[in-house]
Each structure stands twice: as C-alpha cells, then as structure tokens.
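Hi,

Here is the structure I promised to pass on. Have it open while you read, and my notes follow below.

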Amino acid sequence: MKAFDYDAVTYDCAVYCVGCLPAGVNVNSDEVHPVFADSEWDTAPVCDACGEVHDYVTLLGKVEYRAWSIVEGAIDEDETFDDAATRDAYAATLAATIRSEGCKDWQVYVANVTAGCAVGEWAGEESICQYSSEG
Ligand SMILES: [Zn+2]
C-alpha cells in the first residue's frame, strides 16, 4: 500500500472499514477521516462494525512477551508480560508445575509478540519451545 492509501476511516471516535460506515455516512462526510497507511498506531485499528483488523497501518512495534502451555494438544495457560525476565520465570514455574502433575505430552512456549497482531497469531517473532515433556 502507498502512504496515502486507506481501507479504514475514523468516524465519531470509532474506526470503520470504508464499507462499514453507518447508513447515510460516507468517506466524503465531514466527520470522516481516512486512516492512511503511513499513520502510526500502537495496535492495529479494528472496525467497530465488523471487527476487521486493519494491520496495513504503521505499527509502532511494541513488544509483548508471552508464555503459553500446550497440554495434550490444547492450550492450557496463556499469559502476557511486559518483560522477558518475568515471562521466563513464569514459563519455568509453569513447566515445573506441569511436570510435577505427571503429564506425558506437554510443551511450554515463549515468544515475543508484536502488538497489533490478531489474537491467536504468533506473528512478530518466532515462538520457541522452551520446555517439554521430552526435554
Ligand atoms: Zn468493517
């Protein structure tokens, strides 16, 4: 996308896709402002009407540190932290707890996740399995 392209707009303190504006409002209305591709956001703007995540904007790269466990194929715990040290301490404690419960099939993952990713995606940085039942 070019700097002045846009798929989303702001209107009445909310974000909308161009096609999701309330009836009677369009991109030429007074209170509607384009969200340009080169605008900077901490997290990607989300359409108030349909929930689409507009990640074409410039995200400021705030990093969240995340740890989660998968026990027998399903996500068990999933936590977010402000720094890597706290996350790693949590991951170690979590692994020790799962191990003490005698589970046979589990992993604890850690990752740095760039803010603005859609929930459930680990985009940003690759995840690393730090502990597992095989380790
Ligand atoms: Zn929408």
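Predicted model: local features only at pLDDT ≥ 70, side-chain atom pairs only at ≥ 80, totals over all residues.

One term before the rest: helices here are DSSP runs of H or I with at least four residues, and strands are runs of E with at least two, numbered from the N terminus.

**The overall layout**

The protein chain has one helix and nine strands. Going along the sequence, the pattern is β-β-β-β-β-β-β-α-β-β. Of the 135 residues in the protein chain, 19% are buried. If you take the contacts between residues at least 6 apart in sequence, 47% of them join residues at least 24 apart.

**The helix**

α1 has 17 residues. From its first C-alpha to its last it reaches 24 Å, close to the 24 Å expected at 1.5 Å a residue. Which residues of α1 are buried? They are Arg87, Ala91, Leu94, Ala95 and Ile98. These residues cover an arc of only 100° around the axis, so they sit on the same side of α1. On the face turned away from the buried side of α1 you will find the exposed residues Ala85, Ala89, Thr93, Ala96 and Ser100.

**The cores**

The largest nonpolar core has 10 residues.

Leaving aside residues up to four places away in sequence, it touches Ser69, Ile70, Val71, Ile98, Ser132 and Ser133.

**The β1 and β2 end**

Three strands form an open sheet here, in the order β2-β1-β3, with antiparallel pairing. β2 and β3 (33-35) are the edge strands, and each pairs on one side only. Ignoring direction, neighbouring strands of this sheet are turned by 40° against each other on average.

Between β1 and β2 there are four bridges, in the antiparallel sense. Two pairs to look for: tyrosine 11 stands opposite alanine 14 in β2, and alanine 8 has cysteine 17 in β2 as its bridge partner.

The two strands make a hairpin with two residues between them. Aspartate 12 lies in the loop between β1 (8-11) and β2 (14-17). Its phi is near 50°, a positive value in a residue other than glycine. Is aspartate 12 buried or exposed? It has 11 C-beta neighbours inside 10 Å, so aspartate 12 counts as exposed; the cut-off for exposed is 12 or fewer. Aspartate 12 and histidine 33 are 21 residues apart in sequence, and their C-alpha atoms are 9.8 Å apart in space.

**The β6 and β7 hairpin**

Further along, strand β6 (residues 63-71) and β7 run antiparallel and are joined by six bridges. Isoleucine 70 stands opposite isoleucine 75 in β7. The hairpin of β6 and β7 has two residues between the strands.

Glutamate 72 lies in the loop between β6 and β7. Phi of glutamate 72 is near 50°, again a positive value in a residue other than glycine. Glutamate 72 has 10 C-beta neighbours inside 10 Å, so it counts as exposed.

How many of the eight residues of strand β7 are buried? The number is zero for β7 (residues 74-81), so this strand lies largely in the open.

That is the tour from my side.

Cheers

Note on methods. Residues numbered from 1 in each chain as written. Core = buried A, V, L, I, M, F, W, Y, C linked by C-beta atoms within 7 Å. Buried ≥ 20, exposed ≤ 12 C-beta atoms within 10 Å, placed from the backbone. Contact = placed C-beta atoms within 7 Å. Pairing = 2+ DSSP bridges. Expected span 1.5 Å × (residues − 1). Arc of directions from axis to C-beta. Axes fitted to C-alpha atoms, helices over the stretch in contact; angles between N-to-C directions.
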